[in-house]
Amino acid sequence: MNVPPFAPTSALQEEPPSGRGSFPASAIVGGLLSRRQIRSITDRVTRFIIKTGGIGIILCILGMCIFLVKEVIPLFQQAQVTSTEPISLSAPESSSSAALIGIDEQQELAYVLRGGSLGFVFLAGAIPATPEIPLRQLVADGSMTAVARALGKGHNLAMGTVDGRVILMAIEFTHEFKGTDRSISPSVTVGAPIMAAPTPQPISKMAYQSTESDVRIAALLQDQHLWLTTSRTTSRPDGTAAASITQIDLTPTIPGRITAFTLASRAEILAVGTAEGNLYHMDLQEPASPVLVETTRASEQGKAITALAYLMGDRSLVVGNASGQISVWTPVREHPGTNMTHMALIHRFADHRSAVTNITISQRDKGFITSDEGGEIRLHHSTSDQTLLTLTPQHGPLRNTYFSPKADGLVSLTEGNRLIHYHIANPYPEITWATLFSPVWYEGYDQPKLVWQSSSGSDDFEPKFSLTPLIFGTIKGTVYAVLLAVPLAVLAAIYTAMFMHPNLRAKIKPTIEIMAALPTVVLGFLAGLWFAPILERNFPAITAMVLVLPLAIAVSAGFFLILPASLRHRIRPGVEALLLIPIIVAVVWGCLEANAWWESFLFDGHYKPWLESHLGLNYDQRNAIVVGVAMGFAIIPIIYSISEEALSNVPKNLIAGSLALGATRWQTLAHLVLISASPGIFSALMIGLGRAVGETMIVLMATGNTPIMDWSLFNGFRTLSANIAVEIPEAPHGGTLYRTLFLAGLLLFMATFALNTAAELIRQRLRSKYSQF
Amino acid sequence: MKPWVRYFFGSGELFIWGCGAGLSLSLLMIGGLLVLILLNGFGYFWPADLVELTLKDGKHVIGQLAGEEVSPKGIPRIRMKIGNRDLYGLDYRWINTDQIIERTKPPDLVMVERREWGNFYGRLGTLHKEDQIVAEGSDAVWQSLPPLLRHQESSETESGYTLRIVDANGKEKSVSLSQVMRVLRPNDLSTLEKLWVYVGNVWTVLTTEPREANTEGGIFPAIFGTVMMVIIMTVVVTPVGVISALYLREYARQGVIVRTVRIAVNNLAGVPSIVFGVFGLGFFVYGVGGTIDALWFSERLPTPTFGTGGILWASLTLALLTVPVVIIATEEGLAAVPREYREGSIGLGATKWETIWKVVLPTALPGILTGLILAMARAAGEVAPLMLTGVVKLAPAMPIDGTWPFLHLDRKFMHLGFHIYDVGFQSPNVEAAKPMVYVTTLVLILVVVTLNLTGIVMRNRMRKKYAGSAV
């Protein structure tokens with residue numbers, strides 16, 4: 001097989017210079033180069049081209065793996081942060097710490113609400129030559145005592161004053177384009193003041209949310225009373241709108257000193273935390289009669305809850321306490337089957353060194369920022385359970401923080417009145433090795449689960465990227481395919497190599513090779529649209545076949561063996577397989593005919609209810625059996641060819657020796673040939689496995705593609721390969737889904753590469769072993 | 001123990017029969033599959049007789065017989081293709097045999113092939129031009145139709161004729177004649193005439209564009225797309241594969257590295273095609289294509305030109321997928337060239353390149369061609385990588401047309417394999433689409449099997465020819 005490479009002995013160089021006569025004049029090109037030189041140059045040039053080309057091409061081909069890795073790596077990169085030079089602001093006269101800051105989507109213009117005034121600051125890299133925006137004094141400095149922000153579109157702020165008024169304002173940023181010039185300008189709308197409580201009192205803490213119809217304000221007054229104010233706008237039949245204001249004191253329903261509270265973004269739930277570490281959930285759907293839904297002990301050792309915030313989607317609540325602990329709680333069903341829920345702790349994060357003062361959530365994903373007393377801020381991602389970043393104060397403690405709308409930056413105000421702008425590069429916060437491969441506790445689930453669900457119809461949907469169900473599906477499909485294919489293919493190979501009539505063999509081998517070339521899309525189509533309905537209709541018959549077929553073969557073998565010798569010898573040896581064909585056809589036909597009878601005999605009349613009641617299994621039309629058969633069909637030829645090659649390469653003199661010593665055909669096979677060829681058969685099995693692992697079209701067409709984890713024969717699954725085919729056309733380039741699918745591709749690549757390499761090494765060893773004979 | 005019993009189990013004859021059974025089952029599976037596809041595929045073109053059934057409730061049904069079976073409840077029933085999708089909403093109908101009083105095949109039943117809504121089975125009623133009746137009665141209309149349809153084919157203008165057709169129960173349906181493609185009376189045709197219609201049907205499917213969301217009409221664009229893609233792939237993969245193989249076999253120093261590379265290339269042939277698709281999408285479409293767009297087609301952005309799937313990227317992806325096949329086959333071909341040929345050539349004073357070009361490559365040509373043919377066969381049947389790199393269910397334009405630069409490598413294309421997947425699994429009316437899928441499958445299998453057979457036969461001949469040499 002291996003021809004030793006040709007030694008590059010060049011006849012040209014050894015040619016004697018004083019040859020027989022000179023070159024004909026016609027061979028001189030341009031009078032400069034002799035023909036010999038041209039030949040020599042051509043030789044060298046082609047050598048160079050082929051060498052560089054060959055190496056280049058091979059490197060390119062092998063570079064595929066590197067490219068896949070390159071696309072996957074960003075998923076696992078740490079969050080990167082770059083801070084800009086702090087901007088010093090003038091200090092307000094009052095000592096009140098109430099302040100709010102924010103930033104526009106492009107991260108060019110920040111606003112600062114403190115000391116009763118609203119100011120704007122252009123950040124580094126903003127459009128040049130933007131005019132300064134004057135400070136707008138809304139209330140007298142010192143009379144602003146509390147602030148709150150509503151989540152949702154735009155920037156909706158509320159300011160609480162010393163005399164119990166709440167002033168609402170909305171900031172919008174407009175970008176204008178004039179040719180290539182761009183300008184950004186804020187517009188501020190200030191609403192009429194609303195009284196937070198019947199009696200004027202300083203507001204010490206506030207929460208605010210607005211929806212299309214409602215404005216809701218929860219205000220904690222100096223006397224420790226928590227008042228809820230709902231301003232509801234209802235449209236009258238004549239088209240005009242009327243506002244009604246409802247106010248209620250919530251303090252009587254909540255025992256303990258209130259230390260933190262927050263409104264969910266749809267303003268239907270109020271969460272209140274107390275100094276004793278209790279968490280109270282109030283349902284606010286009826287403004288006049290709030291209901292206390294649940295009390296949870298949400299803080300260890302009774303530490304005071306100091307900060308609360310709902311994550312995007314309003315399901316999970318982030319709780320921070322006085323000792324710096326951060327936890328995420330979500331409603332979980334008490335028992336499967338009920339709608340009763342209770343708050344359960346689903347994620348814990350590394351503790352802050354001091355009390356948590358503020359929690360700011362991302363409007364993009366399940367990320368949030370916590371800040372503590374010591375002025376440190378941290379960025380977390382709830383679902384993936386990781387703390388992505390820790391920002392330690394370098395220019396004084398970081399006090400007020402705002403997460404930019406696209407979650408790619410944040411601004412923070414330090415104690416020394418400096419505004420710091422951080423750019424955050426953190427495109428894949430939801431992916432860690434743990435979220436990809438181990439169970440994750442998602443919101444709305446009763447326990448940590450392995451889920452693949454990359455998209456959904458609803459807006460606040462969180463994609464779930466667990467590769468485990470897909471890997472499971474891949475293994476399941478492969479196992480069922482191999483269970484069918486290996487016995488058939490190896491038996492067929494043994495028969496072809498050892499017992500078959502040579503003339504027949506010369507015809508059969510190419511037939512099965514052609515079978516290898518059948519496009520898998522054809523097999524998938526037949527499996528899904530032809531075989532699946534047939535199987536569904538005749539499932540009992542198929543189970544009968546599995547039992548009857550081996551029996552029938554044994555009986556017919558026995559029958560042939562007890563034939564009188566004179567008759568038996570008329571049949572040429574090595575055609576048993578052909579004799580069996582009519583028998584198999586007859587058995588299959590008979591079983592199909594007896595389907596109804598068999599169904600009533602074995603399955604009490606109908607097999608589907610029987611499966612359901614006796615085994616608790618559901619029958620899907622496109623199930624693992626269908627895939628097993630179709631994919632088995634696809635890998636039979638390859639296993640067959642390689643096993644056959646291994647078997648027929650067993651040196652003939654060994655076989656002849658064994659037979660000559662009196663061993664039967666079968667003994668020779670079992671004790672000599674199979675043992676010597678077993679590594680080859682094993683490598684065939686591995687190559688077959690490699691094929692099945694990566695097969696796409698059959699699985700895509702013959703299963704329901706549901707990513708469930710269940711070994712049942714009667715339902716479908718989703719494999720890594722089919723998943724790629726289904727999802728990557730819709731995945732935005734460079735996004736989390738896109739890169740996760742690349743990771744799936746890389747896994748497939750590595751798995752098949754490993755399987756094939758192992759198989760190839762085994763085959764090479766086998767080959768060198770046989771070459772000794 | 002009786003001697004035959006001992007012989008039966010002890011000698012292992014039983015197990016030999018078991019092995020035989022494995023082979024028989026495998027052969028039956030492949031045989032059954034091919035027969036299934038051939039029957040369904042070739043059966044599609046046959047103009048089957050139209051049957052008129054009279055049912056017990058007095059209703060009539062006209063259609064083509066499409067199968068018989070015993071229902072799950074044990075009642076024998078037949079399946080009829082009843083057509084007239086616009087009237088009934090269904091293409092097929094099950095009828096219990098005990099409901100049927102009479103089966104007839106009246107010669108005046110017609111099958112009207114329409115551009116929309118599928119076939120109509122029934123009787124011809126009247127032919128109108130604007131508001132006037134031109135012909136009335138089944139036979140009169142039948143006589144007057146052929147010249148009109150022929151004229152309609154050659155002229156672009158709307159003829160203004162309207163055909164009224166009547167279904168089995170007398171329900172009338174008006175069809176503009178421009179919507180009518182063909183009118184046939186299958187029951188009135190002799191076998192020879194039917195054969196002629198059959199050939200015509202085959203020709204139509206192979207050469208016309210699809211209609212009705214790909215479930216009717218032809219599959220020409222899919223055939224063309226497949227062939228085109230395979231040609232581009234071959235153009236790319238030939239030099240790449242041959243140069244690599246030449247390097248590995250003739251120029252590289254044989255050692256651990258080359259052996260490792262050889263194993264790696266070998267293994268690449270076993271990497272799932274979908275992985276190549278992923279690579280093609282990331283590298284060719286978004287990487288190379290995106291760069292080309294940014295450099296030369298920036299005026300069209302954000303609409304991508306090359307930065308989206310297209311026939312070029314699909315072909316390159318498949319070239320990468322098949323290059324191991326070509327390398328392996330070429331290497332085998334090169335290794336099979338007898339050593340004496342090279343020694344003779346060098347001995348006569350030829351340089352290494354001259355030896356390769358004039359002696360080695362021509363001798364190895366059958367091996368290289370075999371590799372190429374097998375590569376083409378594999379490429380023609382692959383679907384998964386194409387789904388990521390540029391195949392579409394319905395391409396608005398062919399990759400080759402009359403506008404500059406004639407060959408549009410950035411265009412999306414249709415493919416036989418994807419056509420099977422799309423029509424069989426994505427179309428709204430799977431039952432009506434099934435025959436089309438079988439036809440497409442048949443064409444694809446014919447292409448792939450022909451290519452493969454050629455490759456295998458060539459390889460076997462070559463092996464025999466050089467059996468005495470260094471193979």
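1. Bridge partner of F368(A). In this predicted model, F368(A) has H380(A) as its bridge partner, and H380(A) belongs to strand 26 of chain A. Strand 26 of chain A covers residues 377-381, and five bridges connect it to strand 25 of chain A, residues 367-372. The two strands run antiparallel.

2. Backbone at A407(A). The loop between strand 28 (398-403) and strand 29 (409-414) of chain A contains A407(A). The phi of A407(A) is near 60°, which is a positive value in a residue other than glycine. Most residues other than glycine have a negative phi. A407(A) is classed as buried because 21 other C-beta atoms lie within 10 Å, the threshold being 20 or more.

3. Backbone at N705(A). A positive phi, near 60°, is also found at N705(A), again a residue other than glycine. N705(A) is located in the loop between helix 14 (697-702) and helix 15 (720-727) of chain A. With 18 other C-beta atoms within 10 Å, N705(A) is partly exposed.

4. Is V546(A) buried or exposed? V546(A) counts as exposed, because it has 9 C-beta neighbours inside 10 Å and the class of exposed residues extends to those with 12 or fewer. V546(A) sits in helix 6 of chain A, which comprises residues 520-561. The C-alpha atoms of V546(A) and V588(A) are 9.8 Å apart in space, while the two residues are 42 residues apart in sequence.

5. Contact between chains A and B. The contact involves 94 residues from chain A and 86 residues from chain B. On the side of chain B that touches chain A, helix 2 (residues 13-43) of chain B gives the most, with 19 residues. By residue class, this side of chain B consists of 57 nonpolar, 22 polar and seven charged residues.

Conventions:
Residues are numbered from 1 along each chain as its sequence is written. Chains are lettered from A and ligands numbered from 1 in the order in which they are written. This is a predicted model: local features need pLDDT of at least 70, side-chain atom pairs count only at pLDDT 80 or more; totals for chains, interfaces and linings use all residues. Two strands pair if DSSP finds at least two bridges between them. Helices (H or I, at least four residues) and strands (E, at least two) are DSSP runs, numbered from the N terminus. Two residues are in contact if their C-beta atoms, placed from the backbone, lie within 7 Å. Ala, Val, Leu, Ile, Met, Phe, Trp, Tyr, Cys and Pro count as nonpolar, Asp, Glu, Lys and Arg as charged, and the others, Gly among them, as polar.
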